[in-house]
Amino acid sequence: MAFDKDAIIASLKEASISDLNDLVKAIEDEFDVSAAAPVAAAGAAGGDAAQKDTYTVELTEAGQAKVKAIKAVKDVTGVGLKDAKDLVDNAPSVIKEDVKEDEANDIKDKLEAAGATVTLK
């Protein structure tokens, strides 16, 4: 049986995402390999595949309860009331940078409890 890479590539282009996922799993099982990129190579290629160590908390939208959002921003950042108001008024705005995952999630929870929309980057 001859190996026809063009036919294989054509078949892959027509396959659905779930079919491709099943194919990857089958290849991993059959050949005892992993399709995951090594961490060192992923870091050199851009790092998105590697686990993030720090996050940036961004206030995307203040929500309906703007005063609550301002108070929450003031509490989590330690800035003054005017600075907190400026951050909320100028959303989307970065609330904190380079924070650990637990702290980022804690900040996100506090801001979302105040009605704000938050994104972790």
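Predicted model: local features only at pLDDT ≥ 70, side-chain atom pairs only at ≥ 80, totals over all residues.

Visitor: How many residues does the largest nonpolar core have, and which have the most contacts inside it?

Guide: That core has 19 residues. Those with the most contacts inside it are V57, L59, V73, V88, I95 and L111.

Visitor: Which elements give two or more residues to this core?

Guide: They are β1 (54-61), α4 (66-77), α5 (81-89), β2 (93-100) and α6 (101-113). The largest share comes from α4, with 5 residues.

Visitor: Let us turn to α4, then. Which of its residues are buried?

Guide: The buried residues of α4 are A69, I70, A72, V73 and V76. Because they cover an arc of only 165° around the axis, they lie on the same side of α4.

Visitor: What do those buried residues pack against?

Guide: They pack against β1, α5, β2 and α6.

Visitor: And which exposed residues does the face turned away from the buried side carry?

Guide: That face of α4 carries V67, K68, K71 and D75.

Visitor: A geometry question: how far does α4 reach from its first C-alpha to its last?

Guide: With 12 residues, α4 reaches 16 Å, close to the 16 Å expected at 1.5 Å a residue.

Visitor: What follows α4?

Guide: G78 follows α4, and the phi of G78 is positive, near 80°.

How values were computed
Residues numbered from 1 in each chain as written. Heavy atoms only, no water. Core = buried A, V, L, I, M, F, W, Y, C linked by side-chain atoms within 4.5 Å. Buried < 20%, exposed > 50% of the residue type's maximum accessible area, 1.4 Å probe, protein only. Helix = DSSP H or I, 4+ residues; strand = E, 2+ residues; numbered from the N terminus. Expected span 1.5 Å × (residues − 1). Arc of directions from axis to C-beta. Contact = heavy atoms within 4.5 Å.
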